[in-house]
Every structure is written in structure tokens, then in C-alpha cells.
Amino acid sequence: MKMRKPKRRLFSLTLRQQNTLAGYLFSLPFILGFLFVFLYPTILSAVFSFNELVITKTGYELKYVGLENYRHVFRVHPTFIRDLTETTINMLSQAFWILVFSFFAAIILNQNFRGRLIARAILFLPIVMASGIILKIEARDYMTGILEYGMESVSAFLVTPALSVYLSKFQLPDALITNILAAIESLPNIIRSSGIQILVLLAGLQAIPRSLYEASEVEGATGWENFWLITLPMVSPLILTNIVYTIVDYFTSTSNLIVSNIRAAAFGTLGYGIGSAMSWVYFGVIGGILVITFVIFSRLVFYHE
Amino acid sequence: MGVMEHRLHWKRSLFRYGWSLARAVILIGVCYIVIFPVLSKLASSFMSRSDLWDTTVVWIPRHPTLRNYELAWNYMNYPTAFWNSVKLAVLVSALQLASSTLVGYGIARFHFKGAKVLFTLAIITLVVPPELFIIPLYLNFRYFDFLGLLPVQLNFINTVWPAVITAATCTGPRNGLFIYIMRQYFKGMPRDLEEAASVDGAGAFRTFSKIMLPAAVPAMVTVFLFAFVWQWNDYYMTQMFYSSATTLPMMLDKLPNSVLGMRWEASLPETSLLNNTGSLLLIAPLVILYVFLQRFFVESVQRTGITGQ
């Protein structure tokens, strides 16, 4: 017996095709934006990086210079490579401490205690405040500088030496000790840039089904075992999210050394071409770091279900 | 036996109290660090010039004055700038909300080949530093002819159009995050909802507007609040495409210069007083908003399923 084909309606689209069409229609704003506001300028910037750009009355003209702009970035520019290395190293150390701190803070904020709401409200305050113009102004402000310096020097004079003596007793590698001390000195900065990360982890902790803990309690597991066998695996995808977010946030922050380098080049005497070349080198580094972290950490991540 | 049990109990409650105490100390310390910049701004905003040179003044000014507020209020043109900021932030965040809700829904609930690709692309836009494309984008807005389709070149610089276009097409700063939040939220909604609607004969758009949208309000509030706050504080994009705008961040940036004229660079302490006062005036509306909405803000994020996947 032959199967009869079902009748088709609506311009004879199958259900599957209708689904695809609707999906693309809903996504249309982003498709347009991605193509014209993101991809097109990005390709143009790649083109610029091989050219010299001259502004004329009716627009701009390009003069092909080959790899000259890149050669300038690597060989001629006095500080770019050094700044790039410095930014990358700072990013790695700060990202590590932000992850540790946000994890710790999220676990504390997830516990039941009096004043929890106030503590949460205060810890998330930097999300509201520390962005845009405030960061820009604080970076160059005189009073903030003095007060922060006062605060840092308290830690530098009192906490740091005592701690370094204490830490040296454990015969840890010197590099690690330096890193820990640097982290303590930049603690205010780390705390203020962890708002979103804490929020994401807190949401994750609250989404862990109670039943898992109840079951483990029946089995007689300790809190320590619960942490390693339930909490950590269940939030591990969010730790990956946080790693990526932290890296991106640090690299795209406008107070970043390289970002100001690029801006100075593009709008200064060096020109758009060199500015574009710089931002491509920079993007290459970011992309590389993201790919490496993703490859390493996605193996460690546990997906429930 | 009894003694053992008693000792164990005692040990446990000691541990619990010890932990509560440690937690309180840690939290107070951390909260202090977070609030510290606000407190220092608040303190210095009431200082007069002589307090700056007085070494005994750390927090409480000896000659408190409202002069800083007066100057900042007048030179920032506060009421006008405030209103302009409100208009721009509401416009931009409403557009960002609308576009990222549509896109998030599209890639979460329809099974088509491009959905995964589009989601990945949205994440990529989040990862790419804006410096990479901001200059060509500027040139595109400066000589806007829609890829050569328009007969004349329009100049969109110093108009609201760049902000509108980027917001409506999900390409504003951190817009990928909003798509991500909405997509995760819609992904977590039960399938039955749509099936019931389609059995009742509702089309894709009716299902979206009548059933899915009302259920997505918590995630939408989150997106709107994030978008609003970031636009309210935004300096980078505004200065790039709309430098003539008189929003609060733009006025704040110019404040020392407009009060002190050319000598602002020579009088750093005074600049600092003005900056601190101006910053407070900028964030005051946000903090008030936050105090009223913070519960909603925090809880809505928890319910949005940023957690999924």
C-alpha cells in the first residue's frame, strides 16, 4: 500500500520548513546586526590593517602598504609588545583570584544568616556603579589615588611583610608567594570586579536540586564530601562561564593599557591602519587564550542530565 | 557514651559559632572594601578647599560646605542632563530588550540548523573587543549610505541613530550577554506550553506574544536593568558616536574643565572634589533605583537560569 503524502498548506511549506522560517524571522535583528554592524566593519578593519587610510573630503581612501603596519607594531612601536605581555600576565593573575574570590563569596552568600540580603545588595553594588564614566574618572582622580594609596600602603607596610615572613616558612616557590602578595594588594580591585561572577555562581548554587544533598545525607556523607562530589561538579559549567567572562571583561575594559594604546594610535599621529593592526594582534592574543582555556576546562566540566 | 555524644555536640556548636564569627568578619571586611569608594566620595563632596590641605581631616570635613554640590549641579546642568540621560537610557534599553528577547526566543525554541551557529556568533560578538571594529563602524556612520544603496551619504555622527541602530540589532556593548540570558531562560521553559498553543491553533507569533512573553518577565526585567545601568553610565559609545549629547556622563567628564576653565589641570585637588561630587550625582538615581529594585534584580537573575547548560 502506498503512503499518501499529507496535504501541504501555507505556500506548501513542511512543518520543519515553517519552523526554520520562524526561527530565522525571530533572529532577524541579530542576523542583520551581525552582518552589517559587526562583521562588515570587522572585515573593513582587517583591510585597514594592510593599508594606510587617508581622509578626503568625500570619505576616505586606502593606500596599500602590505605588512608594514604589523611590522611597525612588532618592531617599531616602543611599548606595545611590552604592554601586551604585561596586560596578559596581569589578566591571568587577576582572573585566577577573581574566580577564587567569587566562588568563596557565592558559597557564603548562599548560606543562611542574618543580614544576608544586605550583604548581597552591597556585594552586587559594583555591577551598578563600577562601569563606564565612573571607572574612567577614578582612574585619573587625585583623591581616590591618595585614599587608595593609603589603603594599599596599610597592607603594604603591615600585612604584606608579616605575611611574607609567614608564607616563607612553608617553603613555597617564590613566584607563588609574590603572586599571593600581589593579590592581597589588589584585593579591593578584585572584589569590585567580581560582582557578575558572584551573581552567576549564586544562581548556579541555588539551582542545585535539594534532593541531591538529601540523598547524600542519607548515605552519611560529610559536608566536605558534599562539596567535592555535588557542589563543585554541579556548578562547574558556570565556573567555565565565569572564566570566559572574566577574561573578556578584563581585555575589553576601557581602563586597560592596550585599549588606550590602540585608541592613541588610531586617533593620534600613527593612524587608523596601525590602530587596526594593533587591535588584530590584540584580538589574536585574546582568541588564543580563550581557546586554550576552553580546551583545558571543558574537559573538567561536568554536565548534569 | 553520653559524655562522647556531649563532647561531639559541644565541638560541633563551637565550630558553628566560630564559622559564623569568621563569616561575619569576612563579610564586613568585603562590604567595607566595596562601599569604601562611595564613602570617600561622600566625605570629600562636603569638603571645602581648606579641608584638603588640612592633614587632620581624613573623613569628616572641618569646614563642611555645599559649594561642590552647587557647582556640580549648575555646571552639569543637572535637571536637563538627567532628563536626557533618562530618555537615552530608556530608549536604548527598551530596544535592546525587544531585540534580544526576539532573538533569544528564536534561537531557543525553534529547531533549525542555524540556531546553534547564531548562538555561537552572539557569544563571539561578546568576546571581540570593540576596538577591533569601532573605527570602521565610525566611518560607516559618518558616511552612511547603507552599503551604497542610498543615493546620498548621511552623517549619523552626533545623532541618536548609531545608538538606536546598534541597540535594535543586538550589537550594542555586551548585547551578546542579553541574548544569552534570554536564550537560556526560554530554553528552560517546558515544551508543553507551545504544544498546547499549537493544538489550539495559535501561530508562532501568537504563541510567543500570548504565552511565552508573559512567562519571561523575570528574565526581561534582568536584561532591562542591566541594559539601563550600562547605558546610564556609558561614556565610551556616547563619546564615540554622539559626543554632543548632554547626558550625565558626558557632562561629568567635562565638569572640571567647565568649572575651572584652563586651570583645571593645575588644581588637581579641586578637580577631585568636583569629580567626586559629580560622580555621586550621577550614581544617586541608580543607587535609589537599586535600593528599591535590588531584591528583584538579584532574585530575577537567579530565576533566569543563567545557570542552564
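**The contact and chain B**

Modeller: This is a predicted model. The contact takes in 75 residues of chain B and 73 residues of chain A.

Biologist: Which elements give two or more residues to the side of chain B that touches chain A?

Modeller: They are helix 1 (2-45), helix 4 (78-109), helix 5 (114-127), helix 6 (131-142), helix 7 (161-168), helix 11 (217-233), helix 13 (248-260) and helix 14 (268-303) of chain B. Helix 14 of chain B supplies the largest share, 15 residues.

Biologist: How do the residues on the side of chain B that touches chain A divide into nonpolar, polar and charged?

Modeller: That side has 49 nonpolar, 22 polar and four charged residues. Gly is counted as polar here.

Biologist: How many helices and strands are there in chain B?

Modeller: Chain B has 14 helices and zero strands, so its pattern along the sequence is α-α-α-α-α-α-α-α-α-α-α-α-α-α.

Biologist: How does the radius of gyration of chain B stand against that of a compact globule?

Modeller: For 309 residues a compact globule would have a radius near 19 Å, whereas chain B has 26 Å. Along the principal axes, the C-alpha trace of chain B spans about 90 × 75 × 30 Å.

Biologist: What makes a residue of chain B count as buried, and what percentage do?

Modeller: A buried residue has 20 or more other C-beta atoms within 10 Å of its own. In chain B, 41% of the 309 residues count as buried.

Biologist: What percentage of contacts in chain B between residues at least 6 apart in sequence join residues at least 24 apart?

Modeller: In chain B that percentage is 74%, with a contact meaning C-beta atoms within 7 Å.

Terms used: Residues numbered from 1 in each chain as written. Chains lettered and ligands numbered in written order. Predicted model: local features only at pLDDT ≥ 70, side-chain atom pairs only at ≥ 80, totals over all residues. Helix = DSSP H or I, 4+ residues; strand = E, 2+ residues; numbered from the N terminus. Rg over C-alpha atoms; globule rule 2.2 N^0.38 Å. Buried ≥ 20, exposed ≤ 12 C-beta atoms within 10 Å, placed from the backbone. Contact = placed C-beta atoms within 7 Å.
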